[in-house]
Amino acid sequence: QLCDLFNECRQKDGALQANLFIRESAITSLDWQLTIPERQSRKITAKQLSKVDSALRQTRCLDDVNAHLMSAIVVGFAVCEIVAGDIDGLLVPVEIRCHPARRFRFRQSDGKIVWCDASTNYQEIDFQARWPEKFIVIHRRINGDTKAREGLQRLLVWLALFRQWDMSDWLKLAELAWKPLRLATYSRKNGTKDIDIIREILSSLSSNGAAYYPDDIKLDLHWAGGGKSASQSGHQELFETVGKEIAKAILCQTLTSDQGSVGSQALGKVHAGMFGKVVECDAAANSRCMEQQIVARVVRWNFGANKACPSLRLATDESLDTEPFANAISVLSEAGLKIPSQWVRDQLGMPDPVDGDELVSDGAKPAEPTNSEPVEPADDGQPNDDTEDDDA
């Protein structure tokens, strides 16, 4: 019921939808890369890694999983189902079925997430134990509560309901403010039939500007004066304030979605930096989940359980200034500091080269091409003078 209520609130509240979309799209637009840690034992070969990478990119299942895992920030968890198939001779996920959170609950005996809906006759099924290789499950630490109460769902529903109530009341006020107060007086001699006619006249005047009535009925129309109490109802202040609270809860700041009246470049940079930390946190959580529950399974299915899992990383370093970074690495390495090349590649979002890749030169100038055809040396049976001995 809480999941259904939240979904209804999201469909009715523009601020809730917009801020959630900003946070979700910030992580789902990131590219991912697979790498082999240098100090990892029993690691797969570069050729095997290339095949796994190619197969996963063809299915685009990691993108689907990455998008669905973001629902965990709201409900505290997310569940996906793997449909495996063959891609280029590898057994990999070819389809991801994303299940809504309303199909699951937390078992009271031990707090474990179980499947419980109409498809199970509302019997609690430990789906992870029954199908250990089929499901992807992530739990996020959002507010530090128990797993059953994790996520932003309760907070966002609480705030969104206030905005819905405020908007509804605001619309009613707008409806009444542009209509006159309709008053009618009648004599005690008027009977029930006359009073019913008067009531019908007053009701029809709310949508119809014409009315007719006997001369013994007095009808007055009073329009709203538009004074301070009428024009400054406080609805806008409440509506905007609750909207900012929603942005703070989802994005941890407000300037990403609304500049407000105090926006500035310096303050915007601070807010952008805070949001960048949020994106990095989401990327780290999703990377760990996909690495452990997708990449590790693909390696195990195809190359055996004795092979270690490669690292999966979502690239969040678009803002890295490569020139100062490269200069710093050069200065530090010349000073004798030993820097792992894998770490440098991770910082730059640069994959490891594999066999057959065309590599960037090390700075040596290539030979200038000539238009003339090369001249074959005459074979006179004598060795060339400029040919060095192999031992030399």
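In this predicted model, strand β1 (residues 32-35) is joined to strand β9 (residues 311-314) by 4 bridges, and the two strands run antiparallel. A further set of strands, β3, β2 and β6, forms an open sheet, and the largest nonpolar core takes in 70 residues.

**The three-stranded sheet**
- The order of the 3 strands in the open sheet is β3-β2-β6, with antiparallel pairing.
- Because β3 (90-99) and β6 are the edge strands and each has a single partner strand, one side of each is left without a neighbour in the sheet.
- From one strand to the next, the twist averages 30°.
- Strand β2 (residues 77-87) is linked to β6 by 5 bridges, and the two run antiparallel; along this pairing, F77 stands opposite H139 in β6, and C80 stands opposite I136 in β6.
- Strand β6 (residues 135-139) is mostly covered, with 4 of its 5 residues buried.

**Helices against the sheet**
- Helix α3 (residues 46-59) packs on the sheet, where it touches β2 and β3, and its direction makes about 35° with that of β3.
- Helix α4 (residues 61-69) lies across β2, β3 and β6, and runs at about 30° to β3.

**The largest nonpolar core**
- Of the 70 residues in this core, L16 and L56 are those with the most contacts inside it, and helix α11 (residues 265-303) gives the most to the core, with 12 residues.
- Leaving aside residues up to four places away in sequence, L56 touches W32, L34, C61, L62, V92, P93, V295 and V298.
- V295, which lies in helix α11, has a relative accessible area of 0% and is therefore buried.
- With the same exclusion of residues up to four places away in sequence, the contacts of V295 are L34, L56, M290, C309, P310 and L312.
- V295 and D53 are 242 residues apart in sequence, yet their C-alpha atoms are 9.3 Å apart in space.

**Packing of α2 and α10**
- For helix α2 (residues 14-28) and helix α10 (residues 235-251), the axes come within 9 Å and cross at roughly 20°, so α2 is roughly parallel to α10.
- The crossing of α2 and α10 is right-handed.
- At this contact, A15, L16, N19, L20, I22 and R23 in α2 meet G243, I246, A247, I250 and L251 in α10; L16 is also one of the residues with the most contacts inside the largest nonpolar core.

How values were computed. Residues numbered from 1 in each chain as written. Predicted model: local features only at pLDDT ≥ 70, side-chain atom pairs only at ≥ 80, totals over all residues. Heavy atoms only, no water. Core = buried A, V, L, I, M, F, W, Y, C linked by side-chain atoms within 4.5 Å. Buried < 20%, exposed > 50% of the residue type's maximum accessible area, 1.4 Å probe, protein only. Contact = heavy atoms within 4.5 Å. Pairing = 2+ DSSP bridges. Axes fitted to C-alpha atoms, helices over the stretch in contact; angles between N-to-C directions. Parallel < 35°, antiparallel > 145°, perpendicular 65-115°, else oblique. Left-handed = near helix turned anticlockwise from the far one by under 90°.
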